Amino acid sequence: MSTDTSHKLSLHDFLGFKARGEPIAMATSYDHPTAYFADQAGVDAILVGDSIGNNVLGYESTLPVSMDEMAVHCRAVSSAVNRAFVIGDMPYMSYQPSTRDALLNAGRLMAEGGVDAVKLEGGAAVAETVRALVRAGVPVMGHVGLTPQSAPALGGYRVQGRQAEAAARLVEDARLLEDAGAFSVVLEAVPTELARIITETLSVPTIGIGAGQHCDGQVLVMHDMFGLSLRKLPKFARQYADLGQALRSGFSAYRDDVKQRNFPDAEHSYHMRREELERLRELLGKPGEVAMLSPRSGA
Ligand code: KIV
């Protein structure tokens with residue numbers, strides 16, 4: 001698949017990756033400039049994850065993230081992207097209470113947020129919701145394994161499906177999602193062996209995060225990739241740049257320049273012509289004339 005940014009990837013293109021065995025590179029982004037750069041770099045899919053809660057909004061978890069926040073950030077991302085397939089995460093309690101809530105909120109992310117698809121967490125418990133969304137024309141990505149919105153019920157953020165029975169339930173969850181019409185399923189924090197079995201079982205692409213190398217694609221949280229996360233890097237994440245350190249040294253150099261009056265210098269300042277400055281001084285010597293000047297008499 002080319003990384004030609006004049007061609008917007010469709011759902012059909014997304015499915016084509018698995019058909020020809022090309023891994024899908026997906027990353028999160030939550031804002032316009034980073035989405036622009038991810039798209040320019042040829043990232044195939046961008047997830048506006050509800051991980052915005054921990055990574056951008058300063059929340060302890062993803063649970064407080066609201067639909068209003070997701071809609072705004074989905075719009076910021078989708079309006080920056082020319083090629084990548086954009087997926088908006090359905091936040092906590094935007095789809096769990098009823099199918100009607102799910103339809104209205106998914107519709108908001110598509111219409112207001114401009115995303116190409118939505119993602120929601122859960123297996124068997126959300127299969128009928130997925131079916132209703134797909135029937136209404138909303139492409140849905142599923143998400144099983146470690147599902148952060150149910151971390152309290154799962155006993156925290158821990159690897160899922162290490163035991164055979166739990167692993168079999170996850171295979172069944174993924175199957176039910178595919179049967180309900182999900183076009184792809186995220187596998188988070190599951191053993192590599194299990195992710196391989198699910199990937200071989202499904203005909204739609206699996207996207208792994210902490211799920212090993214056999215998934216049809218991978219997703220990473222951009223704050224982990226670029227040293228911007230304030231938490232410890234998870235075992236499964238790889239850091240590709242240290243933007244945190246670059247920001248720290250940039251802010252520090254700026255601070256020093258300001259304190260030492262090295263910034264701004266003449267190059268970064270605007271100037272008046274000498275005659276205008278002299279006229280200004282004359283005018284200021286005659287306060288009565290200044291009072292009579294019209295507010296629009298000069299830029
Ligand atoms: O919100 C998110 O970033 C996610 C990924 C971890 C898949 O759901």
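The following legends describe close-up views of a predicted model.

**View 1. Residues surrounding the ligand.** The ligand is surrounded by Thr28, Leu47, Gly49, Asp50, Ser51, Asp89, Lys119, His143, Val186, Glu188, Ile209 and Val221, a residue being near a molecule if one of its heavy atoms lies within 4 Å of it. This shell divides into 4 nonpolar, 4 polar and 4 charged residues; Ala, Val, Leu, Ile, Met, Phe, Trp, Tyr, Cys and Pro count as nonpolar, Asp, Glu, Lys and Arg as charged, and the others, Gly among them, as polar.

**View 2. Polar side chains at ligand oxygen atoms.** A polar side-chain atom of serine 51 is 2.5 Å from an oxygen atom of the ligand. For aspartate 50, an N or O atom of the side chain lies 3.0 Å from a ligand oxygen, and for aspartate 89 the distance from a polar side-chain atom to an oxygen of the ligand is 3.1 Å. The protein buries 96% of the 260 Å² that the ligand exposes when taken alone (Shrake-Rupley method, 1.4 Å probe).

View 3. Threonine 199 counts as buried because its relative accessibility is 7%, the cut-off being under 20% relative accessible area (1.4 Å probe, protein chains only). Its side chain reaches the backbone oxygen of alanine 195 at 2.7 Å.

**Notes.** Residues are numbered from 1 along each chain as its sequence is written, and side-chain values use heavy atoms, with hydrogens and water left out. In this predicted model, local features need pLDDT of at least 70 and side-chain atom pairs count only at pLDDT 80 or more, whereas totals for chains, interfaces and linings use all residues.

Methods: Polar contact = N/O pair within 3.5 Å; in protein donor to acceptor, adjacent residues only side chain to side chain. Buried < 20%, exposed > 50% of the residue type's maximum accessible area, 1.4 Å probe, protein only.
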